[in-house]
Amino acid sequence: MKPNHDEACYVFGDVIDRVSLPLVNITNTYRYVSRALRIAGTQIALEEVGEYERSAKDPQFANIFAHNYQEIHDRSFEVRVGEGVLAELQIVERRVASSALVFAHSIFEVCVSNCLMISFLAGPDDWMPLIENKKLSIADLRAGELSVICSRLVCEKIEALEKESLMVKLDTFFRITAVGSNSLKLNNYKYDRKRVNAIDSARHRAAHHDPAAYNPALLSEDATYLWTTVLFLLVSCNL
């Protein structure tokens with residue numbers, strides 16, 4: 001099979017466009033929301049305290065607030081309501097960070113898939129070990145040249161990898177490129193499979209279990225690490 005460097009370079013450029021600005025926007029969006037919550041948090045809490053007091057004094061809600069007479073009388077509700085609102089705002093910040101992580105992870109996984117395709121376009125023969133035991137019928141052999149059949153089988157393999165986990169995609173990439181996960185140097189970057197897996201697990205928890213479980217303080221570093229990993233993969237594609 002002949003390499004197709006032109007197509008590989010086109011996909012390469014598409015990956016750069018896909019990942020660079022969106023990841024910057026993701027981290028900036030969270031940073032702006034976080035800053036806004038810190039600046040306006042106290043004001044939001046005060047407004048909610050005022051809304052609580054107005055509702056407590058409204059005759060139509062008398063039955064609802066009947067058991068809260070003492071805290072309304074001594075105004076201790078101000079602390080309880082205010083602290084409750086501030087705690088809820090912290091959860092909001094965590095949910096925003098979780099959403100950003102899920103989005104960043106989604107972009108990253110698409111880029112990993114694209115890097116698999118780039119590795120095929122740049123070095124199709126590197127994929128032969130993954131399909132060499134594939135059974136072919138006589139009809140397949142009659143249908144076209146062997147190189148065309150092999151190309152189709154590799155494309156089917158790449159398509160099948162779309163249904164696999166992120167870590168399976170990455171492990172396959174390093175197996176195909178045969179460069180080793182740390183054989184190339186990119187500034188101070190080092191590919192850390194455990195760290196990528198940890199980010200992947202955090203994304204899974206945020207998306208499917210508890211969106212407030214992710215630590216917002218990790219977002220910037222995690223997003224930056226994913227972005228740098230994409231660059232590392234691209235450099236490893238043997239273009």
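Helices here are DSSP runs of H or I that hold at least four residues, numbered from the N terminus. The model described below is predicted.

Helix α1 spans residues 5–57 and contains Arg54. Because its relative accessibility is 52%, and exposed means over 50%, Arg54 counts as exposed. The side chain of Arg54 forms a polar contact of 3.0 Å with the side chain of Glu51. In general, residues three or four places apart in an α-helix point the same way, because the helix has 3.6 residues a turn.

Thr27 also lies in helix α1. With a relative accessibility of 18%, Thr27 counts as buried, since the limit for that class is under 20%. Which residues are in contact with Thr27, leaving aside its neighbours within four places in sequence? They are Ser220 and Ala223.

**Helix α10**

Ala223, one of the contacts of Thr27, is among the buried residues of α10. Others in that buried set include Leu219, Asp222, Tyr225, Leu226, Thr228 and Phe232.

**Nonpolar cores**

The largest nonpolar core has 50 residues, of which Phe108, Trp127, Leu170, Tyr191 and Val196 touch the most other members. At least two residues of this core come from each of α1, α4 (77–122), α5 (128–131), α7 (146–161), α8 (166–177), α9 (193–208) and α10. Helix α4 supplies the largest share, 14 residues. Apart from this core there is a second, separate one of 10 residues, which includes Leu37, Tyr52, Phe65 and Val85.

**Cysteines**

How many disulfides does the model contain? The count comes to 0 disulfides. Cys111 is in no disulfide: the nearest cysteine sulfur belongs to Cys115 and is 6.7 Å away, whereas a disulfide requires two cysteine sulfur atoms within 2.5 Å. Cys111 is buried, with a relative accessible area of 1%, while Cys155 is partly exposed at 32%.

**Accessibility of selected residues**

| Residue | Relative accessible area | Class |
|---|---|---|
| Arg54 | 52% | exposed |
| Thr27 | 18% | buried |
| Cys111 | 1% | buried |
| Cys155 | 32% | partly exposed |

Conventions
Residues are numbered from 1 along each chain as its sequence is written. This is a predicted model: local features need pLDDT of at least 70, side-chain atom pairs count only at pLDDT 80 or more; totals for chains, interfaces and linings use all residues. Side-chain values use heavy atoms; hydrogens and water are left out. Buried means under 20% relative accessible area, exposed over 50%, partly exposed in between (1.4 Å probe, protein chains only). A polar contact is a pair of N or O atoms within 3.5 Å; within protein, one must be able to donate a hydrogen and the other to accept it, and residues adjacent in sequence count only if both atoms are side-chain atoms. A nonpolar core is a set of buried Ala, Val, Leu, Ile, Met, Phe, Trp, Tyr and Cys residues joined through side-chain atoms within 4.5 Å. Contact means heavy atoms within 4.5 Å.
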